[in-house]
Amino acid sequence: MSEPVNYHQYGPLYAGWARLFSFVLATGLSVALLVMPHLVATDTRDLEHGPLSLALLGISAGFVHGVGYVPLLTLWRWLFSPYVAWPVMLWCGWWWAQAL
C-alpha cells in the first residue's frame with residue numbers, strides 16, 4: 001500500500017480548489033466537443049489537426065490534474081500540470097467560442 005500524496009510539496013496549484021477547477025474546465029470542454037463537434041470543424045477536410053491535438057492534450061492534462069494524479073517522472077508531472085493545462089484549456093475555450 002502506498003502513502004497518500006502530499007499535495008503541498010507540489011505547490012499551491014495542487015490544492016483542492018485548483019484540482020476542482022481543472023476537472024470542471026476539462027469536463028466542460030469535453031462535453032462541448034462531444035455535443036458540438038462543429039466547433040472544431042464544419043467539414044473533415046477543414047480539420048485543423050495541430051490545434052485540435054493541443055486542445056486534447058490540455059483537456060487530458062486537466063483531467064489528470066483534476067483527479068489528483070501526480071506522475072512520478074518530472075517530464076510527465078510538468079506536462080500534466082495546471083501550469084500547462086490551464087493556459088491550453090483557456091485558449092481552447094476561446095478558440096471554440098470564436099467558432100460560435
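## Ground rules

Residues are numbered from 1 along each chain as its sequence is written, and side-chain values use heavy atoms, with hydrogens and water left out. Because the model is predicted, local features need pLDDT of at least 70 and side-chain atom pairs count only at pLDDT 80 or more, while totals for chains, interfaces and linings use all residues.

## Overall fold

The protein has four helices and zero strands (DSSP runs of H or I, at least four residues, or of E, at least two, numbered from the N terminus). Its C-alpha atoms fill a box of roughly 50 × 25 × 25 Å along the principal axes. Of the 100 residues, 36% are buried (under 20% relative accessible area with a 1.4 Å probe, protein chains only).

Leaving aside neighbours within four places in sequence, L29 is in contact (heavy atoms within 4.5 Å) with I59, M89, C92, G93 and W96.

## Where α1 meets α2

Residues of α1, including F23, L29 and L33, meet residues of α2, among them L56, I59 and F63. The contact has eight nonpolar, six polar and one charged residues by class (Ala, Val, Leu, Ile, Met, Phe, Trp, Tyr, Cys and Pro count as nonpolar, Asp, Glu, Lys and Arg as charged, and the others, Gly among them, as polar).

Key: Buried means under 20% relative accessible area, exposed over 50%, partly exposed in between (1.4 Å probe, protein chains only).
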